[in-house]
Number of protein chains: 2
Amino acid sequence: MHSPSNPIGEFDLIERFFKTGTSATEQNENIPLGIGDDCALIKQATDSEIAITTDMLVEGRHFFAGADPEQLGRKALAVNLSDLAAMGAEPLGFTLAIAMPKADIAWLEAFSKGLLDSANLYGCPLIGGDTTAGPLTLSITALGNIPQGKAIRRSGAKIEDDVWVSGNVGDARLALAALRHEIPLSAEDLKQVEKRMHQPTPRIELGIGLRDIATAALDISDGLLGDLNHVLKQSQVDAQIFLNQIPKSETLKKQSTDIQNQFAASGGDDYEICFTAPNHQREAIKKLSKSLDLPLTLIGRIIPIKNKNPQVHLINSDGATMSAIESKKLLQSFDHFSS
Amino acid sequence: MHSPSNPIGEFDLIERFFKTGTSATEQNENIPLGIGDDCALIKQATDSEIAITTDMLVEGRHFFAGADPEQLGRKALAVNLSDLAAMGAEPLGFTLAIAMPKADIAWLEAFSKGLLDSANLYGCPLIGGDTTAGPLTLSITALGNIPQGKAIRRSGAKIEDDVWVSGNVGDARLALAALRHEIPLSAEDLKQVEKRMHQPTPRIELGIGLRDIATAALDISDGLLGDLNHVLKQSQVDAQIFLNQIPKSETLKKQSTDIQNQFAASGGDDYEICFTAPNHQREAIKKLSKSLDLPLTLIGRIIPIKNKNPQVHLINSDGATMSAIESKKLLQSFDHFSS
């Protein structure tokens, strides 16, 4: 599908907006070759493995049409780094494939600024990519290093393990509700929760710190309990989760108990880490929390599987297990093929 | 941007259509972990580097709306493997991010069949990915192994080097012209050239064979001469190309000389390898050509740079250098941001 040239072409775009990202790679012994060839080259550290993750963000689905491009650039990388963090990997570099309707210079300037700022902040240079015309779509593949055998998989949760979550959850869902005018929020509260929605913080240091502590981990992108289900499924265990122990921000706590529980339990876009660890690691986890200045909250425990399909048993504030029907509305995870 | 579940969800899609790709990884010592976690894990061979390439394919731009999904699956992987081939890398694995308007079961079955057939054929398992709703867009990131320091970069072309190209070029462009009803073709001829368009063959064995022979290489996706310009720019050299030495298929040779030259020189989608090598490698290249049963054709030579911007000097059939104006129409490369 060929066509003649236009004023600003694909190669100019990469040179002009994204190639600055390789300046970091030129002094980076892990990246012998960055942008500009058929492939980039990565050198793996001795006795380590490379973790790889891919996320695709589509306008109108993962971000609003007209979203602030600088914030979008930051977030696009952050959500991938969050996956690296959940494995305990240290960022090495990333590739970007981007389709956009036309080469919008102002948009590209802001987007690449956000993206490359984030890349610098987390020491994860842009090493290659592809640009094309098309509906606005971003696809990032991030690579990270991890000592051999130290990756924190979803399949490692053991019966009696504690279930933990970092930070607090539900704020991004609250921001979405406010932006959709479903829930009124004060300007200040909206600002707080919007920041959580637009500027998630990949928990990289936490992931690294958990390498020798956690038995399983994953990042919460589609809702705490829905995502926890992936750990349960792969580990073939159930979990008890104490609903009122799920950490919520002061802003979310201003909402009704129902909204609080629903958003914290199943709101997406939080990018915190949910992990399991043996009881004897509690002290180590408290120390890690303190050293990272990041709350880590015990929210439940792993129990033997009750049925064929692993599940979360929600414990309400009086210590009773909620019925399947009660739980169901909290357990709905975000699904990209829902209408 | 959350929404409730629907009959076939994201996780089902991966399980059902793409996870079979990991069966290969389960016996693959290079891939300790495939689909189903936050990240996949790759183990690099000792003393080697990992080559990474990303391509994004958008419906209506890189493939026709309604394109055969099985062929599309094959091609989507092949074009990425072609980039690995151009570096001299051996495929390790790939990730797929796919946006599609709805979960179309028949389409997914055919697409994943083509994709995974191709993955098996080239020993390059699917190790991770992302699926989402959105306009049909595919983004593949492929990874390959290459012995340390052996990658064939675009920047290595030296004055006096020969310029070579594999196979023949221009057929995919001829197919496009026929499908657009710009040029009439017999059903048999169309079948021949369409095959080149829809089923490109990544020249992996060639790339591996060229590791100790070529000084520079790249794959021809946007047109021979336009792509060659990237080698010239990065190597800071010019090239003389003998127009009538560019290899063309018997089908293309039935067209007018103008069409032949234009399509062979600047038609895209060929996925052959253009490379440079010192004169003393001619015998080695002939041997490699024979052992791979793949024509390798000497089409020009590298000369000192004449102006600030490296360029191709086209030599016509009477040995004269073509004027800039004559050359220009042949040198137009495909640009994804042209209208």
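I count two strands as paired if DSSP finds at least two bridges between them. With that in hand I opened this predicted model and looked up strands β3 (residues 90-100) and β5 (residues 137-147) of chain A, which pair in the antiparallel sense over nine bridges. Within that pairing I noted that A:Gly93 has A:Leu143 of β5(A) as its bridge partner.

**Helices on the sheet of both chains**

I then looked at which helices pack on this sheet. Helix α3 (residues 69-87) of chain A touches β2 (48-58), β3 and β5 of chain A together with β1 of chain B, and its direction makes about 35 degrees with that of β5(A). Helix α4 (residues 105-121) of chain A also packs on the sheet, where it touches β3, β4 and β5 of chain A and makes about 165 degrees with the direction of β3(A).

Next I traced the whole sheet, which is open, has five strands in the order β4(A)-β3(A)-β5(A)-β2(A)-β1(B), and is mixed in its pairing. β4 (126-133) of chain A and β1 (40-42) of chain B each have a single partner strand, so one side of each is left without a neighbour in the sheet. From one strand to the next I read an average twist of 20 degrees.

**The two helices against each other**

I asked myself at what angle the axes of α3(A) and α4(A) cross. They cross at roughly 35 degrees and come within 7 Å, and the crossing is right-handed. Among the residues that meet there, I listed A:Leu72, A:Arg74 and A:Leu77 from α3(A), and A:Trp107, A:Phe111 and A:Leu115 from α4(A). By class, this contact has nine nonpolar, three polar and four charged residues.

**The sheet in chain B**

In chain B I found an open sheet of six strands, ordered β7-β9-β6-β10-β8-β11, with mixed pairing. Its edge strands are β7 (216-220) and β11 (312-315), each of which pairs on one side only. Inside this chain, β6 (residues 162-166) and β10 (residues 296-303) pair in the antiparallel sense over five bridges, and B:Val163 has B:Gly300 as its bridge partner in β10(B). Helix α8(B) packs on the sheet, touching β6, β7, β8 (238-242), β9, β10 and β11 of chain B, with its direction at about 150 degrees to that of β7(B).

Leaving out residues up to four places away in sequence, B:Val231 touches B:Arg154, B:Ala157, B:Ala216 and B:Leu218. I also noted that B:Val231 and B:Arg153, 78 residues apart in sequence, are 8.5 Å apart from C-alpha to C-alpha.

Notes: Residues are numbered from 1 along each chain as its sequence is written. Chains are lettered from A and ligands numbered from 1 in the order in which they are written. This is a predicted model: local features need pLDDT of at least 70, side-chain atom pairs count only at pLDDT 80 or more; totals for chains, interfaces and linings use all residues. Side-chain values use heavy atoms; hydrogens and water are left out. Helices (H or I, at least four residues) and strands (E, at least two) are DSSP runs, numbered from the N terminus. Axes are lines fitted to C-alpha atoms, for helices over the stretch in contact, and angles run from 0 to 180 degrees between N-to-C directions. Contact means heavy atoms within 4.5 Å. A crossing is left-handed if the near helix is turned anticlockwise from the far one by less than a right angle, and right-handed if clockwise. Ala, Val, Leu, Ile, Met, Phe, Trp, Tyr, Cys and Pro count as nonpolar, Asp, Glu, Lys and Arg as charged, and the others, Gly among them, as polar.
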